[in-house]
Amino acid sequence: MNLNFKNESFRDDYTFKNSPESIRRFPFPFNEDKYMYSVNMEPHVPAGPAGHAYNNAIDVDEHFVAEMRDRALVLKEDPLRYLALPHMMAAQWDTLELLMENQAASYPEHFTLEKNGDQWHWINRPMGIDQIFTFGDASTLPMEPLEYITRQAQGDFVIVDQRDGQLWCDAGMVTTQADWSLDFDIGMNFHEWHGPVPLAHEIGVFDRALKFLLNLQQGKPVRRLNWTMTINPRLDTSPENYHKWGPDRATVTPENVGNKVHLRCELQTLWRLPRSNAILFVVRCYLIKMEELVTVPKWARRFHRVLRDLPPELVDYKGLTRYRPTTVEWLAKFDDGQPSTPGIYPE
Amino acid sequence: MTINTEMKVRVAQIAQVADKVKRFRFERADGQPMPVFSGGAHVIVSMRDGKALRRNPYSLMSSPEDTVGYEISVLRVENSRGGSAFLHEKLKEGDELVLSQPVNLFAHDHRAKKHIMMAGGIGITPFIAMMDQMEREGAAFELHYAVRTRTHGAYWKELQQRYGKHRVKIYCDEEKLFIPVADVLANQPLGTHLYVCGPAGMINGVLGKARELGWPKQNLHSEEFLAPPPGKAFQVRLARANRTIDVAPHQSILEALEANGVEAPYLCRGGACGQCETGVVSCDGELEHNDHFLEPDDKASGKKIMICVSRIKGNAVTLDL
Amino acid sequence: MLVAGIKSRPVYGGLNVDIHARRHLFALEGEGALALLDQLKAVGMDVLKTADILYVASGSKAEDHDRTLAALGADSFWLAPTIPVLLNRFHVMLGQAHMGTCIYVAGTEGFIGQAQQAAMNHGVDPASVHSEHRGSAARRVQCVHCKGITDNVTTSPYTCSACGLSLLVRDHYSRRLGAFQGVCIDAEEPGTAPKPEELFP
C-alpha cells in the first residue's frame, strides 16, 4: 500500500485533519451505546474492512511523517519523555526487532529490513533514513535501540518487565499520551501505574487484566481500545505541559465544536517479547474531529449517547467537564434516535 | 477468533548424552525459523503415542538465539507416566511432533548484579539456555551443579570448557561432594539473585538455607515441574457443558478432558503458571491440591482447582466448565 | 496516620527485624528513631551486635533521640547533619554490603523514598527493604511541569518552590522519585486557584 504522507501540524496552527479514507479506518472504540471500563482484550489478528487500522499488526498511516516530526519536537523540549531503566536493554532490542520486522513486512514500499546474521540494514524511506548496524551492539546506533526505533514508529511505547507475579513499567517513549507522565510513573507496577484511574480498581479490572497479561504468550498479541477527548488536534497532552494545553478546554463554543473537539482513541496492543520475557505495550493514538466523526451516521448517533450517559467519575477523570455539555448538544443534532447496529466498523 | 501458534516439528537429532539422558533436537517441518526465546523458557511437547496424546513441559536448553532448532534433554524416569519412556524408546529421528510457543516461568532478573545458579541432575537444562543468554548480555554468573556420578551428569564437561571452572563448579554425590550452599551464599554482593532447579528436596533445602542466611524472597527463584501425581479414579462433571468424564488413576483432570475432546486453557501443565485455574462448583470427596500456584486461602476455600496437577480423593467433582 | 487507598503509595510494613539477617543496616530520620527503639523492645538487644545505625535528627533535634541511639551500643552509630549527607554514607555502605544484610528505613515518607531509591540503585528490590513511617505526614512533592521538588508540603494546593505555579497534590506516588505528584490546579482558568488547605499535617 502506498501511503500519501501529509504535511500537517499537531501544535500552533493545528493543520491536522483526516482524509475521507482515514476517517473510515478510524478505530472507533464503542461497540454499544454506553461505556464502562472492562478488560475487553481480544487477539490482535488482522481484522476490519479493507484499509482499517486493524489490517496490520503495526499500523502506519498518512500521519506517520508529521507524527514523527512532532515527536522529535517534544523530545527536543523534554528528553525525559524517553526513559529506560538500565536492566531493560534486552527488551529494547526485542522492540526494535518487532517494529522493524512488522513495518518492513506490511509496508515494503516504505520500509526495508535486510538481515545478514547480526549485521542489519534498515531503510525508512519516508524519513530518509538508511542505517547499517549490529543487532545487540548499542554503539552501532546513534541512540539507544528503543529511542532509535520509536522515533520511527507511530504511537507511544511502554515496556513492562515481569517479575514476582507483577508487571513493572520500566522503559518507554511517551509523547502522545493522555495525561500521564513516564518520568513520574517509570518503575511502578501495574496497579501503582494505574492508581489514579477511578472505579476500575474497585470492579477488579486491573486484577483481571494483570492475571491475563502475566500469561500472555509469544506469538499471540492482544489488543484493546481506550479513549478520551482532546481540544485541538494536540498529540502531546502530557501532564508536563498541562498548564499550556489546559486553557484550551475553556475555549469550546457551539460554533467551534466540530473543528475543535476531538475523540482520541488509543489502540493498545500488547506483545510478549522473546529475549527479555517483557511485554511491550503499544499505545497508538488516533484523533478524529467531531465534524469528521459525524460523517459516519452510526458513530454520530452512538458517540452522542455514550457521552451523554457517561458516569460522572469518568467525566471528571477524563477531564471532559467543561466542554461535555456543549459537545453533547452539538452531537444531538446528528442523533436521529434510530437503534445503532452492533460492532465498531462504519455501516 | 484464536491464533493457532503451535509448531509442527521434525526430530532432527537424538543423542545419548549421559546415563539415562537423551537430547532431542527439533526443527520446523515447514522450514520457518523458530522464535527466539528467553533462557529458562519451556515448551509443551505434544506426542502421539499410539492412542494416547501426551503433552509434557520440557525446558529449552539450546541457545535462545538458535532459530533453526530447539533442543531439550530428557531423563528416563522409572515409573514414567509415559512421556519419558515414549521419548527414549519410541521416538525416532525424522518423526513429527508438535511444540507450543516458548513460555517462561523461570526468567532471570535483569536487575541482578550477579546470578548464582544451583542445579541438581536434569535440572541443569534451563540453566544451559540461561547462561548462553547471560554470556551474550555480559551478566556476571556462576553455576553450581550437583550430579549423582560423573557419568550420570550431562553437559558438565562442555559447560566447564565453555565458561571456565571458576564459573562452573561440579559436585558429585559419588565422590561425597555436595554444593556448599552456605559458603557459596556467604559473601555475595548486594543485588545477587539465586536460582535453583532440581528435585523438590534440593529446591527446598537450598531456598531454606538462603532464607536462614537472610536472603530476601525477592532474590530467590526456583522451578520444578510437577508431574501430575497418580491417585484413584474419579469422575468430573462439567456444570456448563452438562457432561460427565472419567479420570483414570494415572491421568490428570486436564488430560481426561482433552482425551474427551474438551479443550481447557493451559500453559505449563506443571502446577506453576495459573492458566488452568478452574472453579469448583461442588465436590463429593476431598480436593487434593498439588500445585505451586494457589494461595493457601484459595486451597482451603475449596472453590478453585488447578486441573493440570490436582485431583480429588472421592467420587466426583463438579467444575465450572 | 497516612491516608489509605492510594494505589501507588507503598505499604510501609514496619521495621520488623529479620532475625536471620547476618547484618542489619538502619537508616533513620527524626521520629524514625522510635521505630527502632520499639523493635528492640520486641526482639531484644542482640541484634545491635551486628547493626549499623545511620541517623539524622531533622525536625526532632529537641527530642535527643540521637543520644538514646548512641547509647544503645550498636556495632556502629553515626549521626549525620543532614539527609543528603546521610544518604551519601548510606550509598557507600550499600556498595560494601553483602547479601544477608537486611536494610531498614524509618522516618518521614520523603526520607523513606530517597533511602529506598538509594537501595534500588544497588540492585535491592524495594519490597525487601523494611520500612516504617514515623513523624510528620508532610509530603515531598514533584512539580510535574518544571520537575522541581518541594519538601514538607502540608497543604494542597501549594506553591511550587521552583516555578511558582499553584499545584494540586495528587494522590499518586512515585517510588523512584520518592515524591507525590503536583499538577497545576488552575491551568484551565488561570488565576482561579482555591486557597491552600492544610491536608498533610
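Author: Start at B:Tyr195, whose bridge partner in β12(B) is B:His221. Keep in mind that this is a predicted model. The two strands around that pair are β11 (residues 192-197) and β12 (residues 220-223) of chain B, and they pair in the parallel sense over 4 bridges. Between them comes a helix: β11(B), helix α5 (residues 200-212) of chain B and β12(B) together make a right-handed β-α-β unit.

Now step back to the chain around this unit.

Strand β4 (residues 119-124) of chain A pairs with strand β5 (residues 129-134) of chain A in the antiparallel sense, over 6 bridges. Look for A:Trp120 there, with A:Phe133 as its bridge partner in β5(A). The hairpin of these two strands has 4 residues between them, and A:Gly128 takes a positive phi near 65° in it.

Further along is β10 (residues 279-289) of chain A. Here 10 of the 11 residues are buried, so the strand is largely enclosed by the rest of the structure. Strand β6 (residues 156-163) of chain A is joined to β10(A) by 5 bridges and runs antiparallel to it; in that pairing, A:Phe157 has A:Val282 as its bridge partner. Strand β9 (residues 261-272) of chain A also pairs with β10(A), again in the antiparallel sense, over 11 bridges. A:Leu267 stands opposite A:Arg284 in β10(A). The hairpin of β9(A) and β10(A) has 6 residues between the strands, and A:Asn277 takes a positive phi near 60° there.

Chain A has a contact with chain C as well, and this one takes 20 residues from chain C and 20 residues from chain A. On the chain C side, the elements giving two or more residues are β10 (166-174) and β11 (179-184). By class, that side divides into 8 nonpolar, 6 polar and 6 charged residues.

Those two strands pair with each other too: β10(C) and β11(C) are antiparallel over 6 bridges, and C:Leu167 has C:Cys184 as its bridge partner in β11(C). They belong to an open sheet of 5 strands with mixed pairing, in the order β7-β6-β11-β10-β9 (chain C). Its edge strands are β7 (149-153) and β9 (158-159) of chain C, each of which pairs on one side only. Packed on the sheet is helix α4 (residues 109-121) of chain C, which touches β6 (139-143), β7 and β11 of chain C and makes an angle of about 65° with the direction of β6(C).

Last stop: the domains of chain C, which are domain 1 (23-133) and domain 2 (139-198). Their C-alpha centres lie 29 Å apart. Each domain gives 7 residues to the contact between them, and the domain 1 side has 1 nonpolar, 5 polar and 1 charged residues.

How values were computed: Residues numbered from 1 in each chain as written. Chains lettered and ligands numbered in written order. Predicted model: local features only at pLDDT ≥ 70, side-chain atom pairs only at ≥ 80, totals over all residues. Contact = placed C-beta atoms within 7 Å. Nonpolar A, V, L, I, M, F, W, Y, C, P; charged D, E, K, R; others polar. Domains from an automatic or database assignment. Pairing = 2+ DSSP bridges. Right-handed = clockwise from strand over helix to strand, strands pointing away. Buried ≥ 20, exposed ≤ 12 C-beta atoms within 10 Å, placed from the backbone. Axes fitted to C-alpha atoms, helices over the stretch in contact; angles between N-to-C directions.
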